[in-house]
Amino acid sequence: MRERGAFRGAASRFGLSGRLLLLTILFVLLAEVLIYVPSVANFRRTWLSDRVAAAQVAALALDAAPQQKVSDDLARRLLMGVGARAIALRAGGTRRLITVTEMPSEVSETVDLRDTAWTDLLAGAWHTLWQADSAPMRVVGHGMDGVDFVEIVIDSAPLREALIAFSWRILVTSMVISGITGILVFLALQVSIVRPVLRLTRNIAAFADDPEDGSRLIAPSWRTDEIGLAETALARMEAVLAGELRQKRRLAELGLSVSKINHELRNLLTTAQLLGDRLEATADPAVQRVAPRLVATLGRAIRYCEATLAYGRAAERVPERRLTLLKPILADALDLAGSAPGTGVRVEERTPEDLLVDADPDQLSRVIINLVRNAVQALALAGTAGGAPPLVTIEAAREGAVVTILVSDNGPGLPERARANLFSPFQGAARPGGTGLGLPIAAELTRLNGGTLTLDETRIGARFRITLPDRV
């Protein structure tokens, strides 16, 4: 583990640019190796072909000599010029030999340049490079001007030295090319990629330290490639995030102030409500007319303060979801939601007896109570759209692993102003005196149970849809 951590630390210190430089050099060297292998085989073939050609030129001296005979000194010089121990050629069915020493009893290798496959050339070059043979090698090549073929016997040491020298030249050239290419690629990537990416990372780190500081927003460059798009997207995201954080900070500060004010105001209103209750016992007819209205107004104000404080407290608990019958939950909700006295609002529940729902019973009951109570209060306040008896219905059904619960009424429906901010705290109140917190809390409870709460488009009234899928 320590070795792995040390390697990662070294790699991170080495940087992206250094790793790109090394990779570039390695790739260029790999390309040079792929070029070197056939090059060294071709060099060996060319070297041997030159010796064969020189041997045939030397053989012409034999033809030009009187009686086609040369002295030992001339033959030695001819052989030294070619670098061969012996030269033999055949023309017109006659075989001629130039040598000043005895022919070797054996050769280490025979190379026939007249018909040699590339695989044989590659294997021969490898053999010459890595095996230093003391025995000479025999080389056969094409002849010209009536010569059938030319054959020479040469030492393999000069060929091996030439191949080693050629390999060193290839190696030095490859290193130079790799170095220059790597440096050029390094500089190009440093300017076009690494520095812009480093600028992005530094800006992200600086923005994370103080997201609300407008001076830390990145300024997109003129680039139109992927990095330019990333800069533009980052600038847009930082601007939106900074605005959201500033707004949330202001809302948090405002919420703290409102909570303190609500706490004190609730105490004052509670005292006023107690006094209002005492006024109701007064026999004065004028007081009897005003006192109930005063008590109702104070009660509504107290409930508003309590709802505001409740929404600002800690988040809802984690739901204890389980498969439970929906019928008892709806019965409790109907008992608690109840219709307002004297309104004539009727609440009907139409669900199967054996329908199971995967949810927290208490939280689901709170959601349905909220929706039914809102519908009852809306019908009691505004009546129905076509003069029909006010009715609230609860329907539920299961489709596969999803349970859908519909809470509908035949009232006038929700105004557009309320629809726009229906699930936004303090903004979606649809009736006078409403807090605008009931539906946001119901939507939050539904989400905690893995479902959704939405408003359907209907021609008459309002219909809320609760969708609760079973846990996987």
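A residue counts as partly exposed when its relative accessible area falls between the limit for buried, under 20%, and the limit for exposed, over 50%. The legends below use these words for a predicted model.

**Figure 1. Overview of the predicted model, with its helices and strands**. The protein is built with 10 helices and 12 strands, and 33% of its 472 residues count as buried. Among contacts between residues at least 6 apart in sequence, 70% join residues at least 24 apart. The accessible surface comes to about 28,200 Å², and carbon and sulfur atoms account for 60% of that surface.

**Figure 2. Close-up of the salt bridge between Glu348 and Arg350**. The side chains of Glu348 and Arg350 meet at 2.8 Å, N to O, in one of the 12 salt bridges that the structure holds. Glu348 has a relative accessible area of 23% and is therefore partly exposed, and Arg350, at 42% relative accessibility, counts as partly exposed as well.

**Figure 3. Close-up of the salt bridge between Arg223 and Asp225**. Here the side chains come together at 2.5 Å, N to O. Arg223 counts as buried because its relative accessibility is 16%, whereas Asp225, at 29% relative accessibility, counts as partly exposed.

**Figure 4. Close-up of the salt bridge between Arg321 and Asp358, and of the network that includes Arg471**. The side chains of Arg321 and Asp358 form a salt bridge at 3.7 Å, N to O. This pair links distant parts of the chain, 37 residues apart, with Arg321 in the loop between helix H6 (285–312) and strand E6 (322–325), and Asp358 in strand E8 (residues 356–359). Arg321 counts as buried at 18% relative accessibility, and Asp358 is buried with a relative accessible area of 3%. Arg321, Asp358 and Arg471 are linked in a network of salt bridges.

**Figure 5. Close-up of Thr404 and the residues in contact with it**. Thr404 belongs to strand E10, which covers residues 402–409, and is buried, with a relative accessible area of 19%. When its neighbours within four places in sequence are left aside, Thr404 is in contact with Glu395, Ala396 and Ala397, and also with Arg465, Ile466 and Thr467.

**Figure 6. Close-up of a nonpolar surface patch that includes Trp168**. The patch, of about 700 Å², is made by Trp168, Leu171, Val172, Met175, Val176, Ile180 and Leu184. Trp168 has its place in helix H4 (residues 156–209), and with a relative accessible area of 54% this residue is exposed.

Terms used:
Residues are numbered from 1 along each chain as its sequence is written. This is a predicted model: local features need pLDDT of at least 70, side-chain atom pairs count only at pLDDT 80 or more; totals for chains, interfaces and linings use all residues. Side-chain values use heavy atoms; hydrogens and water are left out. Helices (H or I, at least four residues) and strands (E, at least two) are DSSP runs, numbered from the N terminus. Buried means under 20% relative accessible area, exposed over 50%, partly exposed in between (1.4 Å probe, protein chains only). Contact means heavy atoms within 4.5 Å. Patches are made of residues with over 30% relative accessible area and no salt bridge: like charges are joined within 9 Å, nonpolar side chains (Val, Leu, Ile, Met, Phe, Trp, Tyr) within 5 Å. Accessible areas come from the Shrake-Rupley method with a 1.4 Å probe; for residues, only the protein chains shown count as cover. A salt bridge is a side-chain nitrogen of Lys or Arg within 4 Å of a carboxyl oxygen of Asp or Glu.
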